[in-house]
Amino acid sequence: INFKVSKNQIPKIIHAPTRKGIKGTALILPVIEKLKSEGFKFNFKLLQDKTNEQILKELEDADIAIDQIYLPGPGTFCIEAMASGCAVATYVMHPASGIINPPVCNIEENNIYEQLKYLLTNEEYRLKLIYEGRKYVEDYHNPSKITTKILDQLSALVPKYDYKPDFFLN
């Protein structure tokens, strides 16, 4: 996925629910309408029944991607959005624990409005999430790094043999 920070004068927000109930779309859409009615300038696109290629194309020009509020992320759409150069709003369970702490705007049922408003109005915060998001994807979702780490851990556990399990690495 190509990384591109958009140059939109008016931020573009996308939400691409595969299943609206699980993603929390029924709570997200009224917040979008409230922000618009209060005069916040942004373009919003709800992407439903689209192919992955179509969604990736939309991500190329988006500034903010809203993922989900019920299941803890980051999910696939979230990772694709971070890789492409979007600030992401999604739910992360216990981000302070340090176990899973992706650079996202953490949204829950009770803070969607405040968090999206902050994400829209604070360009410095948005850019911070964009650049840290790409780094997060490169560090934690890179197939070569993941396989190397698995192979290194396996090598440390087993005696040395002639067989080298490097199929996925190569």
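**Figure 1. Cys78 and Cys86 in the predicted model, two cysteines whose sulfur atoms are too far apart for a bond.** The sulfur of Cys78 lies 10 Å from the closest cysteine sulfur, which belongs to Cys86, and this is too far for a bond. Seen from the other residue, the sulfur of Cys86 has its closest cysteine sulfur in Cys78, again at 10 Å and too far for a bond. Because a disulfide requires a pair of cysteine sulfur atoms within 2.5 Å, the count for this model comes to zero disulfides. Cys78 counts as buried, with a relative accessibility of 0%, and Cys86 is likewise buried, its relative accessible area being 0%.

**Figure 2. The second largest pocket and its lining.** This pocket, with a volume of about 240 Å³, is lined by 15 residues, and those that lie nearest its centre are Ala16, Pro17, Thr18, Ile55 and Phe77. Sorted by class, the lining of the second largest pocket consists of five nonpolar, six polar and four charged residues.

**Figure 3. The largest nonpolar core.** In soluble globular proteins, nonpolar side chains tend to be buried together. The largest nonpolar core of this model has 22 residues, and the ones that touch the most other members are Leu35, Ile66, Ala89, Cys105, Leu116 and Leu119. At least two residues of this core are supplied by each of α2 (25-37), β3, β4 (87-90), α5 (112-121) and α6 (123-140), with the largest share, five residues, coming from α5. Across the protein chain of 170 residues, buried residues make up 40%.

**Figure 4. Helix α7 and strand β3, the elements with the lowest and the highest mean pLDDT.** Helix α7 (residues 143-157) has a mean pLDDT of 80, the lowest among the elements of the protein chain, whereas strand β3 (residues 64-66) has the highest, at 98. For the protein chain, pLDDT averages 90, and 91% of the residues score at least 70. Where pLDDT is low, the predicted coordinates should not be read in detail. As context for these two elements, the secondary structure of the protein chain comprises seven helices and five strands, which follow one another along the sequence in the pattern β-α-α-β-α-β-α-β-β-α-α-α. The C-alpha trace of the protein chain spans about 65 × 30 × 30 Å along its principal axes.

Terms used
Residues are numbered from 1 along each chain as its sequence is written. Side-chain values use heavy atoms; hydrogens and water are left out. On a 1 Å grid over the protein atoms alone, a cavity is a set of points where a 1.4 Å probe fits but cannot get out, and a pocket is an open set with protein on both sides within 12 Å along at least five of seven lines; lining residues have an atom within 4 Å of a point. Grid points are joined across faces, edges and corners, and a volume is the space filled by probe spheres set on the points. Ala, Val, Leu, Ile, Met, Phe, Trp, Tyr, Cys and Pro count as nonpolar, Asp, Glu, Lys and Arg as charged, and the others, Gly among them, as polar. Buried means under 20% relative accessible area, exposed over 50%, partly exposed in between (1.4 Å probe, protein chains only). pLDDT is the predictor's confidence in each residue, from 0 to 100. Helices (H or I, at least four residues) and strands (E, at least two) are DSSP runs, numbered from the N terminus. A nonpolar core is a set of buried Ala, Val, Leu, Ile, Met, Phe, Trp, Tyr and Cys residues joined through side-chain atoms within 4.5 Å.
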